[in-house]
Each structure stands twice: as structure tokens, then as C-alpha cells.
Amino acid sequence: MTKLFQPLENPAFIPLRNRTVMSAMSRSFADSERCATDDMAAYYTRRAEGGAGLILTEGTLIHASGDGWANAPYIAEAKHADAWRKVVDGVHAEGGAIACQLWHMGRISHEDFTGDAPVSSTSQAAAGVNRQNNKPYGTPRALEASEMPGIYGLFADAAERALGAGFDAVELHMGHGYLPDQFMDGQVNDRTDQYGGSVENRCRFALELVEAVTKRVPGKQVMARISPSRMMGGLYEWPELDEMIAHLIPALGQLGLGALDVSCANSPYAETAGRMVRKIRPLFDGVIVAGASLSPQEAEAELESGFVDAITWGRAFIANPDLVRKITHNEELAAFDDTMRNTLV
Ligand SMILES: Cc1cc2nc3c(=O)[nH]c(=O)nc-3n(C[C@H](O)[C@H](O)[C@H](O)COP(=O)(O)O)c2cc1C
């Protein structure tokens with residue numbers, strides 16, 4: 001395991017002590033004000049103590065209008081930023097770095113949480129039910145073009161708040177079917193204005209969002225999570241995938257985006273995100289992080305390939321707070337099981 005434990009120094013992004021990254025994972029343990037708690041601070045601090053190079057927080061709502069998740073934390077007001085400080089300080093005390101994942105769920109949010117109709121690229125409701133309240137997804141209101149700057153502003157405000165609380169970086173959640181992805185996804189985006197239809201138009205929201213955020217905070221402290229290829233039922237990929245990548249990725253680099261987190265949610269890595277990083281690497285000079293339940297040997301091989309700079313793990317970090325220490329000592333890893341979702345250990 002030589003590469004995995006080498007520091008990561010890329011002038012485009014913040015330095016990391018090694019190439020291990022804890023993926024963003026919603027845990028639903030924020031308090032009734034949606035503030036981070038002492039238990040959350042202890043949970044993240046343990047992962048830093050165990051050696052994690054970079055920790056991504058769970059999806060953190062930038063505003064109530066994007067909320068559809070019970071007890072997810074917010075970073076919408078000063079009180080939320082203040083509450084995050086103890087998490088950040090704990091991780092820093094253990095030598096780790098931490099980025100706040102900024103989340104707007106778009107049509108996956110729910111009126112029970114937002115108090116109003118969700119907003120999206122479309123006015124078509126998502127199929128199925130919101131798993132937080134078991135109610136069908138509501139009919140969203142398609143955002144007017146004139147409203148986009150206001151949405152970007154919510155992200156930029158949240159980014160400033162997060163960096164003000166001491167986070168090393170922020171991650172814009174642009175994958176997994178949430179708001180920015182509802183523009184990139186040609187199956188969801190049915191717009192006929194400048195935000196829908198062609199590849200350029202479907203990428204416009206994401207690019208304007210990154211532009212707005214990097215005008216307000218340094219690009220080297222901004223990451224974006226995308227999921228161009230993932231299994232959701234069957235294999236879902238952005239329509240016109242290669243054209244999307246060819247247009248979006250170099251433009252993100254030109255805007256000064258520090259890092260890309262190429263996710264496949266929990267699909268088999270090699271068939272999805274692993275294929276994507278091979279297309280993305282030649283087009284992006286910033287840091288690329290990716291992974292999904294890779295074995296330490298697979299992770300090392302993937303780093304050696306040069307297509308990624310750091311490896312993400314999700315569930316393995318829940319099951320093994322000291323994941324990185326265990327990998328270092330070649331110790332057996334505890335397997336994740338679903339009951340682990342119920343406690344914050
Ligand atoms: C309990 C749980 C919560 C998750 N919540 C989020 C989230 O808030 N934001 C996000 O981008 N991905 C989320 N994910 C996806 C993970 O970040 C990760 O991409 C996925 O689990 C695949 O990695 P793994 O196979 O190493 O677990 C979640 C996954 C799990 C298991």
C-alpha cells in the first residue's frame with residue numbers, strides 16, 4: 001500500500017495527508033434544529049483519528065427549500081455553522097481534513113420538509129415515495145430561468161458559511177438525481193429553454209452554479225460530486241454521455257474547480273465510476289476521487305493506474321471507524337450491515 005498513504009499535493013486543491021476519503025453518508029442524527037451534535041462530532045473525529053485523509057460530511061442542506069430528509073443537518077443559518085465547528089475542530093485535532101457536502105434535493109425533497117412544492121428542472125414528479133415519510137414525491141414546480149441565480153446564491157452562501165466554520169472545502173452534490181443532476185439528466189429535464197435539450201443547455205445549471213460558488217470562495221476549496229454512470233434499477237447514464245463529459249469537465253476545470261468526486265452511488269465500480277474516470281482524467285487537471293467498496297488492493301491498483309488521485313469508501317467507514325489504520329496494518333475489515341445505520345458509532 002504505498003500510493004494510498006502518500007500525501008496528495010495538487011496545487012488545484014487542498015493538501016491531503018493521504019489518499020483515503022470517507023464518502024458523504026446521510027446518517028439522520030442532527031438535532032431538532034438541524035444542528036450537528038456532540039455525537040456527530042465524536043463520530044467524524046473517530047474517522048480522522050483512524051487516519052482518514054479527507055472526510056466528506058453527510059449531505060447537508062443549504063436551505064429548507066431543498067429538504068426531504070428527516071434529521072439531516074443544515075448549513076442554512078449561522079447557528080448551523082456554529083454547530084459544525086465542533087465537528088471540524090475534532091477532525092482537525094486528529095490531523096484530518098473535512099469538506100461539507102452541500103445538498104439541495106430538488107424534486108426529491110418533500111413538502112413535509114420544505115413547507116412548499118419542491119422545485120426542479122421539471123414539473124414532473126419523481127416516481128415512487130420519499131423514503132423518509134413514505135409519501136409519494138410531490139409535483140415539483142419547474143424553476144424559471146430568472147430564479148437560477150437565487151439558487152446558486154443559496155449554494156454560495158452555504159459555501160461561505162461552511163468555510164467560515166473552518167471546513168477545509170465544500171462539495172457541491174451534483175449527482176444521484178438531486179437538483180443539479182435533475183438538469184443534467186435528459187430523462188428528467190424536459191425543458192425547452194436555455195437550461196434543457198442540448199448537451200450545452202443541460203450542463204448550463206451545473207456550470208453556472210460552479211461559477212457562482214467559485215466567485216465567492218476559492219476554487220481550490222470546492223469539489224463537485226457527479227454520477228454520470230450508475231445503476232438505478234438498470235444502468236443509467238447521462239444521455240449523450242461522451243458529449244456531456246467533453247463539454248462539462250474541461251469547463252469545470254476552467255472555472256477553477258479543485259476536485260471531482262466521481263460517484264456511482266453503490267453500483268459496481270469498474271462498470272460505472274471506474275469507466276467514467278478513464279474518460280474524465282485526460283480532461284481534468286484537478287484532483288479526482290472515486291471508489292465504491294474497493295478492496296485495499298483494488299484501491300492501490302486504481303491509484304497506480306493514474307486515473308484517480310484518492311479513493312473513496314462509504315460503508316466500510318461506517319463499519320470500521322479506524323478503516324485507514326486497519327488497511328495500514330493489513331487487518332481484517334468488519335463487514336457493513338444495515339443495522340449499523342441505526343446508531344452513530
Ligand atoms: C447510509 C448511506 C448514506 C449515504 N448518503 C449519501 C449522501 O448523503 N450523499 C452522497 O453523495 N452519497 C451518499 N451515499 C452514497 C455513498 O457516498 C457512496 O457513494 C456509496 O455508499 C458507495 O460507496 P461504498 O460502496 O464504499 O459504500 C450514502 C450511502 C450510504 C450507505
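**Exercise 1. Find how closely the axes of H4 and H6 approach, and decide whether the two helices are parallel or oblique.**

Solution. In this predicted model, the axes of helix H4 (residues 148-164) and H6 come within 9 Å of each other and cross at roughly 40 degrees. As for handedness, H4 passes H6 in a right-handed crossing. The residues that meet are, on the H4 side, Met-148, Tyr-152, Gly-153, Phe-155, Ala-156, Ala-159 and Glu-160, and on the H6 side Phe-205, Glu-208, Leu-209, Ala-212, Val-213 and Arg-216. Sorted by class, this contact has nine nonpolar, one polar and three charged residues.

**Exercise 2. Describe how H6 and H7 lie against each other, and name the residues of H6 and H7 that meet.**

Solution. Begin with the axes: those of H6 and helix H7 (residues 241-254) come within 10 Å and cross at roughly 20 degrees. The cut-off for roughly parallel is an angle under 35 degrees, and H6 and H7 are therefore roughly parallel to each other. Here, H6 passes H7 in a right-handed crossing. From H6, the residues Val-199, Glu-200, Cys-203, Ala-206, Leu-207 and Val-210 meet Glu-243, Met-244, His-247, Leu-248, Ala-251 and Leu-252 in H7. By class, nine of the residues in this contact are nonpolar, one is polar and two are charged.

**Exercise 3. Work out how H1 is oriented relative to H2, and which residues form their contact.**

Solution. Helix H1 (residues 38-49) packs with helix H2 (residues 78-93) at an angle of about 20 degrees, and their axes are 8 Å apart. That angle makes H1 roughly parallel to H2, and H1 passes H2 in a right-handed crossing. In H1, the residues Asp-38, Met-40, Ala-41, Tyr-44, Thr-45 and Ala-48 meet Lys-86, Val-87, Gly-90 and Val-91 in H2. The contact of H1 with H2 is made up of six nonpolar, two polar and two charged residues.

**Exercise 4. Identify the residues that touch the most other members of the largest nonpolar core, and list what Ile-288 touches.**

Solution. The largest nonpolar core holds 102 residues, and within this core Ala-162, Phe-167, Val-170, Leu-172 and Ile-288 touch the most other members. Its largest share, seven residues, comes from helix H6 (residues 199-216). Leaving aside residues up to four places away in sequence, Ile-288 touches Leu-260, Val-262, Val-277, Ile-280, Arg-281, Val-308 and Asp-309. As background, nonpolar side chains in soluble globular proteins tend to be buried together.

**Exercise 5. Decide whether Asn-330 is buried or exposed.**

Solution. Asn-330 lies in the segment after helix H11 (323-328). A residue is exposed if 12 or fewer other C-beta atoms lie within 10 Å, and Asn-330, with 8 C-beta neighbours inside 10 Å, therefore counts as exposed. The C-alpha atoms of Asn-330 and Pro-296 are separated by 8.9 Å, with the two residues 34 residues apart along the chain.

How values were computed
Residues are numbered from 1 along each chain as its sequence is written. This is a predicted model: local features need pLDDT of at least 70, side-chain atom pairs count only at pLDDT 80 or more; totals for chains, interfaces and linings use all residues. A nonpolar core is a set of buried Ala, Val, Leu, Ile, Met, Phe, Trp, Tyr and Cys residues joined through C-beta atoms within 7 Å. A residue is buried if 20 or more other C-beta atoms lie within 10 Å of its own, exposed if 12 or fewer, and partly exposed in between; C-beta atoms are placed from the backbone. Helices (H or I, at least four residues) and strands (E, at least two) are DSSP runs, numbered from the N terminus. Two residues are in contact if their C-beta atoms, placed from the backbone, lie within 7 Å. Axes are lines fitted to C-alpha atoms, for helices over the stretch in contact, and angles run from 0 to 180 degrees between N-to-C directions. A crossing is left-handed if the near helix is turned anticlockwise from the far one by less than a right angle, and right-handed if clockwise. Ala, Val, Leu, Ile, Met, Phe, Trp, Tyr, Cys and Pro count as nonpolar, Asp, Glu, Lys and Arg as charged, and the others, Gly among them, as polar. Angles under 35 degrees count as roughly parallel, over 145 as roughly antiparallel, 65 to 115 as roughly perpendicular and the rest as oblique.
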